[in-house]
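The following exercises concern a single protein chain and are to be worked with the sequence and the coordinates at hand. Each task is followed by a stepwise solution.

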Amino acid sequence: MNSQVWPGNFFLGHLLFGVVMRCAGESGGTILDIAEKLWRANQDVAIACLQHPFVQGIGNGTLAKSKFAYYVGQDAFFLEAFARAYSIAAAKTPDPEGFRVLYELTGGVLQELNLHQSYAAQWSVNLPLVDPGVATRQYTDFLSATAWSQEVGVTVAAMLPCMKLYRFLGVELSKDGLFDHAYGDWIRTYSSDEFEPLVQQLESLANRYTSLTPLVKETYRYAIECELAFFEGAWTI
């Protein structure tokens with residue numbers, strides 16, 4: 001997937017470069033060092049996601065409801081795979097603390113699924129009958145294969161981009177405070193104080209289990225590019 005910044009937004013991209021660098025730097029200290037380095041190395045894709053017309057449409061409320069309804073179904077399918085990956089990683093953890101954190105993170109995914117259930121009811125999306133699109137299947141197959149075949153640290157690297165990116169998007173889209181529209185709950189969820197600790201927990205696991213190997217860097221990069229492809233898939237239906 002081409003992860004270049006969306007055309008026509010050079011100035012916005014230049015400003016957002018500084019925003020991402022500040023967000024990464026604020027985490028500071030040794031606990032988040034690995035997560036910081038991975039995030040900074042992939043900020044170009046994060047900015048491309050923020051500038052993507054699908055995400056901008058969520059931000060200003062202009063996104064066609066049919067596109068968001070499609071996204072809700074696809075994201076629910078993805079989140080189920082995400083929860084399974086957490087469970088597989090938890091079974092592989094070498095210590096009780098890691099198991100506890102991954103168990104709690106699984107609960108956070110289930111809360112997200114509850115939000116999608118409400119969206120599904122609102123827009124008449126039958127979640128059990130969702131047919132995953134190409135980008136969705138590509139992403140979920142990647143997560144499943146990584147969780148089953150790799151050690152915990154690599155699995156964490158595959159899952160961290162989703163959490164970190166959505167927090168970044170939620171915070172950025174909420175800055176003007178003008179999201180009293182159909183997608184306001186989406187923005188409120190990912191910009192909320194309740195979501196941030198989930199991101200921090202996963203970042204702490206990156207420091208505990210992950211090393212900056214070529215495989216980890218490639219895994220993180222592929223995962224965040226899957227996020228961009230996911231938005232593109234929902235935009236182009």
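**Exercise 1**

Is Ser-191 buried or exposed?

*Solution.* The model is a predicted one.
Step 1. Ser-191 has a relative accessible area of 18%.
Step 2. Buried means under 20% relative accessible area, and Ser-191 is therefore buried.
Step 3. Ser-191 lies in helix H9, which spans residues 184-191.
Step 4. With neighbours within four places in sequence set aside, Ser-191 is in contact with Arg-167, Gly-170, Val-171 and Ser-174.

**Exercise 2**

Determine the secondary structure content of the chain and the share of its residues that are buried.

*Solution.* 
Step 1. The chain comprises eleven helices and zero strands.
Step 2. Read along the sequence, the pattern is α-α-α-α-α-α-α-α-α-α-α.
Step 3. The chain has 237 residues, of which 54% count as buried.
Step 4. Consider the contacts between residues at least 6 apart in sequence: 82% of these join residues at least 24 apart.

**Exercise 3**

Identify the residues with the most contacts inside the largest nonpolar core, and describe the surroundings of two of them.

*Solution.* 
Step 1. The largest nonpolar core contains 78 residues, and those with the most contacts inside it are Phe-68, Tyr-71 and Trp-186.
Step 2. Trp-186 is placed in helix H9, and its relative accessibility of 1% makes it buried.
Step 3. Not counting residues up to four places away in sequence, Trp-186 touches Ile-58, Phe-68, Tyr-71, Tyr-119, Tyr-166, Leu-169 and Leu-173.
Step 4. Trp-186 and Gly-170 are 16 residues apart in sequence, and their C-alpha atoms are 7.7 Å apart in space.

**Exercise 4**

At what angle do the axes of helix H4 and helix H11 cross, and which residues meet there?

*Solution.* 
Step 1. Two packed helices are described by the angle between their axes and the distance between the axes.
Step 2. The axes of H4 (residues 53-60) and H11 (residues 214-235) come within 8 Å and cross at roughly 75 degrees.
Step 3. Angles of 65 to 115 degrees count as roughly perpendicular, and H4 and H11 are therefore roughly perpendicular to each other.
Step 4. Pro-53, Phe-54 and Val-55 of H4 meet Phe-231, Ala-234 and Trp-235 of H11.
Step 5. Sorted by class, this contact of H4 with H11 has six nonpolar, no polar and no charged residues.

**Exercise 5**

How many of the residues of helix H3 are buried, and how many disulfides does the model contain?

*Solution.* 
Step 1. H3 covers residues 43-51, and eight of its nine residues are buried.
Step 2. The buried residues in H3 are Gln-43, Val-45, Ala-46, Ile-47, Ala-48, Cys-49, Leu-50 and Gln-51.
Step 3. Because eight of the nine are buried, H3 is largely enclosed by the rest of the structure.
Step 4. Cys-49 has 0% relative accessibility and so counts as buried. Cys-226, at 3% relative accessibility, counts as buried.
Step 5. A disulfide requires a pair of cysteine sulfur atoms within 2.5 Å; by this rule the count is zero disulfides.

**Exercise 6**

*Solution.* 
Step 1. Ser-124 is in the loop between helix H6 (96-122) and helix H7 (134-149).
Step 2. At 69% relative accessibility, Ser-124 counts as exposed.
Step 3. Most residues other than glycine have a negative phi.
Step 4. The phi of Ser-124 is near 55 degrees, a positive value in a residue other than glycine.

**Exercise 7**

*Solution.* 
Step 1. Val-154 belongs to helix H8 (residues 152-174) and is buried, with a relative accessible area of 4%.
Step 2. Leaving aside neighbours within four places in sequence, Val-154 is in contact with Thr-146, Leu-215, Val-216 and Thr-219.
Step 3. Gly-107 is found in helix H6 and is partly exposed, with a relative accessible area of 28%.

Key:
Residues are numbered from 1 along each chain as its sequence is written. This is a predicted model: local features need pLDDT of at least 70, side-chain atom pairs count only at pLDDT 80 or more; totals for chains, interfaces and linings use all residues. Side-chain values use heavy atoms; hydrogens and water are left out. Buried means under 20% relative accessible area, exposed over 50%, partly exposed in between (1.4 Å probe, protein chains only). Axes are lines fitted to C-alpha atoms, for helices over the stretch in contact, and angles run from 0 to 180 degrees between N-to-C directions. Helices (H or I, at least four residues) and strands (E, at least two) are DSSP runs, numbered from the N terminus. Angles under 35 degrees count as roughly parallel, over 145 as roughly antiparallel, 65 to 115 as roughly perpendicular and the rest as oblique. Contact means heavy atoms within 4.5 Å. Ala, Val, Leu, Ile, Met, Phe, Trp, Tyr, Cys and Pro count as nonpolar, Asp, Glu, Lys and Arg as charged, and the others, Gly among them, as polar. A nonpolar core is a set of buried Ala, Val, Leu, Ile, Met, Phe, Trp, Tyr and Cys residues joined through side-chain atoms within 4.5 Å.
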